Each structure stands twice: as structure tokens, then as C-alpha cells.
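Take a moment to look through the model below.

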2 protein chains.
Amino acid sequence: MIMKVAIIGVGNSKFGKRDDVSVQELAWESIREAFNDAGITQKDIDYTVVGSTAYRGVELYPAPLVAEYSGITNVPMRVEAMCATGLAAALSAYTAVASGLADIAMAVGVDKMTEVDTATSLAIGGRGGNYQWEYNFYGTTFPTYYALYATRHMAVYGTTEEQMAMVAVKAHENASLNPKAHFQKKVSIEEVLKSRVISWPIKLLDSSPITDGSATAIFASESKVKELKIETPIWVTGIGYANDYAYVAKRGEWTGFKATVDASRQAYKMAKISPKDVEVATVHDAFTIAEIMGYEDLGFVEKGQGGKFVEEGQSKKGGKIGVNLYGGLKAKGHPLGATGLSMIYEITKELRDESGNLQHPLKNYIGLVHNVGGTGHYAYVMVMRR
Amino acid sequence: MIMKVAIIGVGNSKFGKRDDVSVQELAWESIREAFNDAGITQKDIDYTVVGSTAYRGVELYPAPLVAEYSGITNVPMRVEAMCATGLAAALSAYTAVASGLADIAMAVGVDKMTEVDTATSLAIGGRGGNYQWEYNFYGTTFPTYYALYATRHMAVYGTTEEQMAMVAVKAHENASLNPKAHFQKKVSIEEVLKSRVISWPIKLLDSSPITDGSATAIFASESKVKELKIETPIWVTGIGYANDYAYVAKRGEWTGFKATVDASRQAYKMAKISPKDVEVATVHDAFTIAEIMGYEDLGFVEKGQGGKFVEEGQSKKGGKIGVNLYGGLKAKGHPLGATGLSMIYEITKELRDESGNLQHPLKNYIGLVHNVGGTGHYAYVMVMRR
């Protein structure tokens, strides 16, 4: 029997190129919002974990700086799981509360990724694969890895470049209504298809940007939820995590992520739901093909039907399952350490009916967060309920 | 009420300059030993955390590589807390079990620090302070920070260079009996005092070396301990963690680490013991002065009496409290991610009466592990009992 844990406060900084702030100032933007949201202060926190890849900026060890700047004195560690670093931090805070060690635990995700140039960024990303056998030999970078999956998905299931472009169009449309998103500009299918090819079939507008940002979620035990009289706690009812081979060439199939399949089945089992119960979700769309594969790996549709799902508008606001309604990695932005916690921010707001123009109509108030690290090296799935 | 958690298996690689192995091979050395020690295999593990600073080697993201090489499919994250990374991993595995999410969780610590040259290493260490105000302005590196504390301790309490040298002599004597230690050579007080000054009063032989290594500890729930018929489980009865200012100049006093005081008081309270109950311990001796301050901050002696404690031989094998009996960071070595878990390895072996020539005589079988990150930025204390 696992202790009940709720999310009682969330915060999200403005995402974008944030050379106006230091790492610790950027972190504080979302921490402050989460404190205000939960109605608590520093003294209420028993455990804080910082999720950050410490993205080759000047500060190699950001956690003590975030602690000092935010006036927090119990930050035992930084966690990292590549692009899934945000949910790694969430898992760490979740277990701290569920273990009884902490009554209130906070997960802060932050990365300042624009401090290095794009070429360096691509090199760092490539080293998220296997350095010895892939990056070093073939120069594989993130777009290249995802292009392998995209071409295979096209060959096996007939997925089209147009369908991938529709993921980007949806993301930008949603982001245009989210003032915290990196981009507020809508794009058309034609613009995506005509944008510069990065690694065919992946084009510039199929790719998530390099973004600075922070996001925070505060977790509490059931007794604290009562004590603090939290009006609308959002309960974490399922959590799953899994890995796949570091060496991508070893994987059997390049049409989906086994780690996502495994993690989601664990989370559904723990939450006692099936994929068809999910009403609103974030799906890790580092590239547009990733969202299409995500629909399938999470069980929202049969394998191979992901392209059709977006084409039919089923993943739009008001569709069957509202996916990435705040703009996704693609247009909201993808600051590695913050991304997963920004997903939790989004689903918390949706489940509280606080999303305004971006609010998806809900019946049973069941949401899901899906965060991938590397190219399927890590996958996390969290099920959340009002 | 926190669920009971026991350590059921431990492993420690040979420490030293390990250019004969990759990071994942080095990790496997201690994982294999821990598996054999616990009598389990990969399929028994529900959660594995990798503690590593990913010390500027070729592999920036070691966790998926360790997972793949070791045949483990549930490694949700890497954790980092500078030099306390090993105990950060232990806390992560501990909470995974105590939360009920995992029945068996493994903490693997690994760093290959000799892949970069010593000058780079000192620069990385310096950035464990505050980059903007300290490293960048004054060029402070780790020996310099500890020299600040040493000179202040000498001025306020009359601690001598000879007393610091005695910490090194004890460490090397113990390490000479530990085949896994980085150094097996004994040193004399004269040799320490005459060794090259790094940052006065800290000399070369007052300093821990730059070491490659890995260590592993496996944690299990009470029901698993029974199910697996573990003969001598070692229970984690107390755990504490705390932080201090990142910016060292902000701290009030340079004669000890406030984070150690805070973390130890939490751990003692949870374990329902007082410092005088501790029989065997590891104390974080990155530099000899750190062990002397550690005796005091942990409450083994009154403030200012640390120098006398080592001088009287109270911290030797057979003394009042056996400290760093396997050689300490000073002579066993200090591979950042592995250090804390190597401490857990040592205290587990001591509490099981399995330390042979290095066995301390025990009555109540109460041990303590103390791991510091940065120069007191983090401190962890874990109380363990047979």
C-alpha cells in the first residue's frame, strides 16, 4: 500500500531565451509561483530536489545555488535523466513524501540551455546516445536519431510528412494562447513542410527549440493536504519508469519506444485505469514524430494509427484526448530539467479547470504526463486525478 | 511511521587509477559483488539509481550505459550532490523502498575522475563553490577552501599541523591493510609535514587523491529481508541531510560545517540515539582538517577537541570510535559518486564483523556514515544498526 500523495502547488517560468536571469533567478520564478499557488513558504518544505542537466553553463552544480538564492536549507541532491530530468525530480519528491520522510517535498526543474551555441548543443545531445559506438563513429545527433524512427514509421505504417507537420501546427496554435510559451506564432502545414531540412524527414519546424526555463511542483501527504485545507489537490495515482538500450542500434524496432510502453503499463496498473480513461495528456514531442509514436506507445490508439489520430484532430482541445494543450516541447519549449515539471504544471492546471482559453472539457478528470529521456533511453509516465 | 529498510548487499570496486575499464565496467565490478553478497540478480531489482558527477569524462550521461551494461531495465535517474553524491544515491534508493514503490532498490556510485588532468580537476572542484563570486574572482579551489577552515580552526582552537598529519598517518595505516584502497603505503608524521604545500596549512599528504572507483549498496523492505532469508541485515535507522550557503563567504564561522551539525542531529533523532552511542564511523576526510572538524560537528567530542581526539588515538581501530578504518577518502580514495556508498560498504562490513584485520570491536553494533558535498554545501548522515 503506497501512501497517497498530492500536488498542491505548481509554477512555471516564462520559457524562451532567458539571458536576463541567472540559473538561480530563473528557478526562483517558478518556485515563487508554486509557493503562492500552494499558500506555503520556505519553512514548510522538508525536501527539495533540483532537476537539471547543468547544461554546460558556467554553473556546474546548480542545486546549492538554487537552495541559497531561494532561502531553502534542505536540498539533498540534483537529479538528471537527460530530457526526462523533470519527471526524475518529480519521482524523487514523490518518493520522499510517500516514504514518510517528508510531509512536503518540492521538485524544481531548471536549465539554461541557450548559454551554449547550437552546434555544442547538438553535440551534447548526440552524447545522450552512445558516445563510443554512435556519436563518435557516425556523428549522430538528436535530429538524426529521431529521423531513424521517423523514416521507419513512414515505411512500416505509411505515416506522412504532412501528418508530422500537423503536430507542429497544433503545437504552435496552442502555444499562441500561452503567454509563457517560447513561441506565440502560428505556423501552417506548408510552412512546416517548406522549412529547412535538418535530417530528413525532420525539418526545422518539426523540431523543439533550445529553451531556457524552470518549472516547480510541490507534493504533499494526505494529512498535510487536510491541514493546509488545499481546495483542489491533484492526486498522483500512478507512476511508471523504464529504460531501453543506451545503444540505439541494439533496439529491435524503430517505430516506437519500448520504454514508454513499459512505463505506461506500470502507471496504468498502479492507477487502476486503462489508456482509454485518459482525457488530457502531455506527450513528449521533442520532434513531431515523437508525439505520433507517443499516442501509440501510450495505448491511446493502435500501433500505426498515430498519424491518423492527429490528422483527424482527435488530440486537439475538445478532441478525444487533449494533447500538449500548452504548446508542447515543440512550441512551448524544451528546457530539459524543466520540461517534465512544466508538463505537471499543465496537467495540474487542466485538472483544476484553470486553463482558460486552453481548457480541455473534462468528465472524470484523469490526466497523464509522459516524459522521455534521450531517444527512449528513459521513459516516465505519471497518472494524475482530481 | 517510516517503513523499515535494510541493507542486504554491498560491493566496492578496486579504487585507484582505473584506465583499464570503462565507466560501465567499473560500475559493474561493485554491482556484481553486491548481487553476490545479497544472493540476488538483476530480475530482483525494482529501482536502480546511479550516483555520479559524470566527471567531465567522455560519457556525459552514464546512467543508461550502466543500465545497459549491467542488464538492468529500471534506472530512472542519475543523482549528484558533489562529493556527497554516493549518499544522495543511497537516500534515493532508501526512499524508493520506504515509499513502497520498490521492494528492492540499488544505489550504484561511480566516477572516473582520472580522465581529466589535475588542473582541470581543481577547476571543477573550485566551481563546486560559487562560480560567480569565488572561483571566478579569487581562483578558489578545493584545497584553498579547506585551508580557510584549517587556519581558522588553528587560530581559534590551537589545532596543530601535527594533529592534522596524524589523520593522514592513521588513514594510510588502515589503507595498507585494505587491498581495495588507492594507496597501500604507510606514511609518517614527518613525511606528511614535509610534503609539498598545496595551500598552507594543507600539504599534499593532507589531501585526498583523485581516484576512479565504484561502490554499490542494495536496500530492501522488511518483508523482502524475510523472504530472502538475509542472515545479517543492516538496518538504516536514521538519515539526515542539510545544506549551507553556496557562497562560502556568507557563512558565519569557518571552524566547522553547519550542514553536518544539522544533518547529524536529524539522523540521531530519527535513530533515537546520541553521538556517544556510535561505535564505528566514516567521517568525510577530503582533507585531514575535515576529519577533525567532523569529530566535532558530529558530536563525538566537544567543539575544539577534534585535534586531541586523533592525537590520543581515540579514532583508531580499538579506540573509542573507530573512524575511517578502511583508509578514508585520504588513502582509500575519493571517487566522488562512489565515496558515500563505499562508506556504506565499510560500515556494513564492520557491523557484520566481516572486516578481518580492519575489524573494530563492537558491543551494540551501531555505525554512522558521514558524507559531505562541496565544502559543506551538502551534508548527509546515516545511522546503521545490526
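Find A:Pro201, which sits in the loop between strand E5 (197-199) and strand E6 (202-203) of chain A. In this predicted model, the peptide bond that joins A:Trp200 and A:Pro201 is cis, with an omega of about 5°. Now look at the other chain: B:Pro201 is in the loop between strand E5 (197-199) and strand E6 (202-203) of chain B. There, a cis peptide bond leads from B:Trp200 to B:Pro201, and its omega is near 10°.

Another backbone detail is worth a visit. A:Asp353 is not a glycine, and yet its phi is positive, at about 60°. You will find A:Asp353 in the loop between helix H14 (336-351) and strand E11 (366-373) of chain A. Why point these places out? Most residues other than glycine have a negative phi, and most peptide bonds are trans.

Let us step back to the two chains.

Next, see where the copies touch. Chain A gives 51 residues to the contact, and chain B gives 51 residues as well. Of the interface residues of chain A, 100% are also interface residues in chain B, so the copies meet through the same surface. The size of an interface is often given as the accessible area lost when the parts come together. Here chain A and chain B bury about 4600 Å² between them, with 57% of that on carbon and sulfur atoms.

What holds your eye at this interface? There are 4 salt bridges across it, one of them between B:Lys250 and A:Glu68, whose closest N and O atoms are 3.7 Å apart. There are also 15 residue pairs in polar contact across the interface. On the side of chain A that touches chain B, helix H3 (85-98) is among the elements that give two or more residues, and H3(A) has the largest share, 7 residues. That side divides into 31 nonpolar, 12 polar and 8 charged residues.

Finally, follow strand E3 (77-80) of chain A, another contributor to that side. E3(A) is joined by 3 bridges to strand E3 (residues 77-80) of chain B, and the two run antiparallel. In this pairing, A:Glu80 stands opposite B:Arg78 in E3(B).

Notes:
Residues are numbered from 1 along each chain as its sequence is written. Chains are lettered from A and ligands numbered from 1 in the order in which they are written. This is a predicted model: local features need pLDDT of at least 70, side-chain atom pairs count only at pLDDT 80 or more; totals for chains, interfaces and linings use all residues. Side-chain values use heavy atoms; hydrogens and water are left out. Contact means heavy atoms within 4.5 Å. Buried area is the accessible area (1.4 Å probe) that two parts lose on being put together, summed over both. A salt bridge is a side-chain nitrogen of Lys or Arg within 4 Å of a carboxyl oxygen of Asp or Glu. A polar contact is a pair of N or O atoms within 3.5 Å; within protein, one must be able to donate a hydrogen and the other to accept it, and residues adjacent in sequence count only if both atoms are side-chain atoms. Helices (H or I, at least four residues) and strands (E, at least two) are DSSP runs, numbered from the N terminus. Ala, Val, Leu, Ile, Met, Phe, Trp, Tyr, Cys and Pro count as nonpolar, Asp, Glu, Lys and Arg as charged, and the others, Gly among them, as polar. Two strands pair if DSSP finds at least two bridges between them.
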